[in-house]
Amino acid sequence: MSRVYNFSAGPAVLPEEVLKEVAEEMMDYQGSGMSVMEMSHRSADFQKIIDEAEQDLRDLMKIPDNYKVLFLQGGASQQFAAIPMNLMKNKVADYIVTGQWAKKAYQEAQKYGKANKIASSEDKTFSYIPDCSDLPISPDADYVYICENNTIYGTKFKELPNTKGKTLVADVSSCFLSEPVDVSKYGIIYGGVQKNIGPAGMVISIIREDLITDDVLEGTPTMLKFKTQADAGSLYNTPNCYCIYVCGKVFKWLKKMGGLEEMQRRNIEKAKILYDFLDQSKLFKGTVVPEDRSLMNVPFVTGDKDMDAKFVKEAKEAGLVNLKGHRTVGGMRASIYNAMPKEGVEALVAFMKKFEEENA
Ligand code: PMP
């Protein structure tokens, strides 16, 4: 068996320990005589898996009791519609557009009401986070929306926006569980799990209870109504059972590693290795202003398309894969999520140094 260092933005690297554990349990999950893939979602075994997954997530994020944790299908993108459908009582919402995913959410919300773009960083290819200390928040806004970590552009909100008392909704797909968070500052905090947590096919939405009501937009599908899922404990229909199981394993791994404080320490350490190198390199250059740099997604360029392509190709041959930047921006991007070991980042930097010497 030979494993590569996988810098994919998602689906992405998972902890080897977890992969081994699920492989061991593949044929016979803890004496049940079957794989979790074959198990009824109404069985006692599965109920225990989902209950433990929820409790472990609550412990890790210190989720207050007045928040529901929903394990939902449809990915993060389906929440782009579900959020306005459930929250737009006044049919007004304010969006801060800091990248493609925030933009998609903003465009989707326009279908359901008046979505206002109250700030954007599109003028400089989303390479920074705008000042959000005193924005023109709409007096009747049902919520203010952000994408907290911008996977494609490698920016992160280091401070949450001043929403002037309005409910904050955040997509944390690419920074989920990468550092401690204060859940009480959000109305909804949600993310697709295929980056920092588990396999693709699920979104976890953590929603303050007062936002879960029957008062949703007319025509909201039963499946997209938060109340349907909350009342049924995420088991209204057949959920993505296997994904919930693997996510649960990752939660236990995170607890064992020391929780989110320890993850943050490791993530800062890992990102510093790469950013420090970029800051002194004569060939490679980071594309994000230093103060808004993400710890999870690190985009960089050489300034020459052919050189970028050569780098990506040779890195792949050296076992450093999926370093090509997003198709809309080009260059390179290294995603260094929780499960990327420090050794992987060190190997990348060593390779970049060598490449720089060879191509000086
Ligand atoms: N939000 C962010 C920040 C993302 O990075 C992505 C996926 N790359 C999405 C939303 C969309 O996620 P999904 O494919 O699960 O719909």
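1. The buried residues of helix α7 are Leu 260, Met 263, Asn 267, Lys 270, Leu 274 and Leu 278, where buried denotes 20 or more other C-beta atoms within 10 Å of the residue's own, exposed 12 or fewer, and partly exposed anything in between, with C-beta atoms placed from the backbone. Helices (H or I, at least four residues) and strands (E, at least two) are DSSP runs numbered from the N terminus. This is a predicted model, in which local features need pLDDT of at least 70 and side-chain atom pairs count only at pLDDT 80 or more, while totals for chains, interfaces and linings use all residues. Residues are numbered from 1 along each chain as its sequence is written.

2. The cover over the buried residues of α7 includes α2 (44-61), α6, β11 (285-286), β12 (297-301), β14 and α9, contact being defined as C-beta atoms, placed from the backbone, that lie within 7 Å. The 22 residues of α7 should span 32 Å at 1.5 Å a residue, and its end C-alpha atoms are 33 Å apart, which agrees; the expected span is 1.5 Å times one less than the number of residues. Glu 262, also in α7, is partly exposed, with 14 other C-beta atoms within 10 Å, and its C-alpha atom is separated by 9.2 Å from that of Pro 180, 82 residues apart along the chain.

3. In helix α9 (residues 342-358), the buried residues are Gly 344, Val 345, Leu 348 and Met 352. They cover an arc of only 95° around the axis, which puts them on the same side of α9, the arc being that of the directions from the helix axis to the C-beta atoms. These residues pack against β1 (5-6), α7 (259-280), β13 (320-321) and β14 (332-335), whereas the face turned away from the buried side carries the exposed residues Lys 342, Glu 343, Lys 354, Glu 357 and Glu 358.

4. Helix α4 (residues 100-109) buries Trp 101, Ala 102, Ala 105, Tyr 106 and Ala 109. Seen down the axis of α4, these fall within an arc of 140°, so they line one face of the helix. Their packing partners are α3 (75-87), β3 (92-97), β4 (114-120), β5 (144-147), β6 (149-150) and β8 (168-171).

5. The largest nonpolar core has 101 residues, and those with the most contacts inside it are Tyr 95, Ala 102, Ala 105, Tyr 145, Ile 188, Ile 244 and Cys 247; such a core is a set of buried Ala, Val, Leu, Ile, Met, Phe, Trp, Tyr and Cys residues joined through C-beta atoms within 7 Å. Its largest share, nine residues, comes from helix α6 (residues 241-257).

6. The domain assignment of the chain gives domain 1 (17-256) and domain 2 (259-358), with bounds that come from an automatic or database assignment. The centres of domain 1 and domain 2, taken over C-alpha atoms, are separated by 27 Å, and 23 residues of domain 1 are in contact with 24 residues of domain 2.

7. Some backbone details deserve a check. The peptide bond from Gly 10 to Pro 11 is cis, with omega near -10°, and Pro 11 lies in the loop between β1 and α1 (16-24). Leu 177 has a positive phi of about 60° although it is not a glycine, and with 25 C-beta neighbours inside 10 Å this residue counts as buried.

Key: Contact = placed C-beta atoms within 7 Å.
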